[in-house]
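Work through these exercises with the model in view.

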Amino acid sequence: MSDQPTPAVPWDRLAADPATVARYEAKVYRGPGPTACHWWLGAISDSGHGKLRAGSRPAGTSRVVSAHVLGFVIRHGAAVLRNGAVVRHTCDEGSCQNPNHWLAGERLQNIVDYTARRGLTGHALADVRGAAGRAVAVRDAILAARPGAEAAAIAAALAAGHPSGEHQDALW
């Protein structure tokens, strides 16, 4: 274990790198319309968030980052994150990449929101597979779907996480 501090993520440089932005964009499936989730099609972390290798080794910027944070910085810049803010999902879908579903906020508020909603029957946070299982199921359903059948595949993948058949719309 090293005593050296972990270097800060160079968010501004990553968001300005055309190759990183192209890799990010290639992994996003955009649902129909501005209110639909835009699903991450790449690697998924244990917490259900998308992961992406961003930057480049020669430039010294190579990092594995959370996709939604990179997407937020591409869209809004990194300044708001410098004071310890986190990127929150108003849809409660960790792999969602829809900028309309993100807001910057405090880590404590994110925890309070999660705690308040995780037990709601049929809610995204109450999926029996957990956040990672839910995100992987949606990703795999999209990738396996015939062109034009993605919406039905997503709906089936989401429903499979709630054997009771209950459904809770997002609360935001």
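**Exercise 1.** How many helices and strands does the chain have?

Solution. This is a predicted model, where local features need pLDDT of at least 70, side-chain atom pairs count only at pLDDT 80 or more, and totals for chains, interfaces and linings use all residues. Residues are numbered from 1 along each chain as its sequence is written, and side-chain values use heavy atoms, leaving out hydrogens and water. Helices (H or I, at least four residues) and strands (E, at least two) are DSSP runs, numbered from the N terminus. The chain has six helices and seven strands. Along the sequence they follow the pattern α-α-β-β-β-β-β-α-β-β-α-α-α.

**Exercise 2.** Find the order of the open sheet of three strands.

Solution. Two strands pair if DSSP finds at least two bridges between them. The order is 3-4-5, with antiparallel pairing. Strand 3 (43-44) and strand 5 (63-66) are the edge strands, each pairing on one side only. Strand 4 (residues 50-54) pairs with strand 5 over four bridges. Lysine 51 stands opposite serine 66 in strand 5.

**Exercise 3.** Count the disulfides, then explain the result for cysteine 37.

Solution. A disulfide is a pair of cysteine sulfur atoms within 2.5 Å. The count is zero. The closest cysteine sulfur to that of cysteine 37 is in cysteine 96, 3.7 Å away, so it is too far for a bond.

**Exercise 4.** Is cysteine 96 buried or exposed?

Solution. Buried means under 20% relative accessible area, exposed over 50%, partly exposed in between (1.4 Å probe, protein chains only). Cysteine 96 has 0%, so it is buried. Cysteine 37 is buried too, at 14%. Of the 172 residues of the chain, 44% count as buried.
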